[in-house]
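Here are my notes on this model, point by point. Please keep the structure open while you read.

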Amino acid sequence: MSGISKTILMHGPSGSGKDTQVNLLSEKFPEVFELVSTGAMFRELKDSKVPAEFEIYQKVTSGELISDDLTYKFFTKFLNRFDPNKVWVLVGVVRSANQIKFLDKALLKHARTVDLYFNLDVSEQVSIERLCNRLQCTTCNNIYTRDDNIANCAKCGSALDGRPEDAEVQKIIRRLYWYREEAEKIFDHYSERGEAVKIDAGRQIEEISKELIDIMVAQGFEL
Ligand SMILES: [Zn+2]
């Protein structure tokens, strides 16, 4: 079986390292994977000349919720740019169980379905520790930690900043609590479809990456 047209859904709480893992996959296998994130989609709306689209960008950055209808309308269109022959790795795309049907519909328009759902499982305590320690490039969104002890991005040289929404620990805790509730429902759904794999994300980055790759290979992905 070839890896062509396969789709992976990567899911985990903030601080689970899902962005780090998908970036690592595309660095290791640039010919295989396309990274698809709604975060990137919303960030692009920043430069939109369409007032309604720029308004959505402003809402997202101020933490307001965007309706599922609208989000997946953009998402379906956003998917057009990705190589149909590559494995798509979706990250940040499903945040509630209710969104699964919207995702299914969007993927169906591209003749795809979720083949593999990775749930990056990590304790609230580890999530919070990681989030409080995180810095992000203001230009390319590469992620660092305060332990890296650098002031500028190693990739593009721009200034680093703590993610604004991570600034207040109370907000983080509330978000993790909400995540946990929905995550169980999402996991159960993909479990029933026989697509769910739980990954212990409290471990070292390379160890997790190796497990993800091993599972994909075992499932017939050509890497
Ligand atoms: Zn950068």
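1. The chain holds 8 helices and 8 strands. Both are DSSP runs, numbered from the N terminus: helices are H or I with at least four residues, strands are E with at least two. This is a predicted model, where local features need pLDDT of at least 70, side-chain atom pairs count only at pLDDT 80 or more, and totals for chains, interfaces and linings use all residues. Residues are numbered from 1 along each chain as its sequence is written.

2. Now the overall form. The C-alpha trace spans about 45 × 45 × 35 Å along its principal axes. The radius of gyration is 17 Å, which agrees with the value near 17 Å for a compact globule of 223 residues. That radius is taken over C-alpha atoms, and the globule rule is 2.2 Å times the number of residues to the power 0.38.

3. Five strands form an open sheet in the order 2-3-1-4-8, with parallel pairing. Strand 2 (33–37) and strand 8 (196–200) are at the edges; each has a single partner strand, so one side of each lacks a neighbour in the sheet. Neighbouring strands are turned by 25 degrees against each other on average, direction ignored. Two strands pair if DSSP finds at least two bridges between them. Axes are lines fitted to C-alpha atoms, for helices over the stretch in contact, and angles run from 0 to 180 degrees between N-to-C directions.

4. Look at strand 3 (residues 87–91) and its partners. Strand 2 pairs with strand 3 in the parallel sense over 5 bridges. Here L35 has V89 as its bridge partner, and F33 stands opposite V87. Strand 1 also runs parallel to strand 3, joined by 4 bridges. In that pair, I8 stands opposite V89.

5. Is strand 3 covered or open? It is mostly covered, with 5 of its 5 residues buried. Buried means that 20 or more other C-beta atoms lie within 10 Å of the residue's own; exposed means 12 or fewer, and partly exposed is in between, with C-beta atoms placed from the backbone. V87, V89 and V91 point one way, while W88 and L90 point the other way. In a regular strand the side chains alternate between the two faces of the sheet.

6. Helix 1 deserves a look. K18, D19, Q21, V22 and L25 are buried in helix 1. They cover an arc of only 165 degrees around the axis, so they sit on the same side of helix 1. The arc is that of the directions from the helix axis to the C-beta atoms. The face turned away from the buried side carries the exposed residues E27 and K28. The buried residues of helix 1 pack against strand 1, strand 2, strand 3, strand 4, strand 6 (143–145) and helix 8 (205–218).

7. Last, the core. The largest nonpolar core has 38 residues, and I8, L9, M10, V89, L90, V93 and F118 touch the most other members. Such a core is a set of buried Ala, Val, Leu, Ile, Met, Phe, Trp, Tyr and Cys residues joined through C-beta atoms within 7 Å. Helix 7 (residues 169–192) gives the largest share, 6 residues.

How values were computed:
Contact = placed C-beta atoms within 7 Å.
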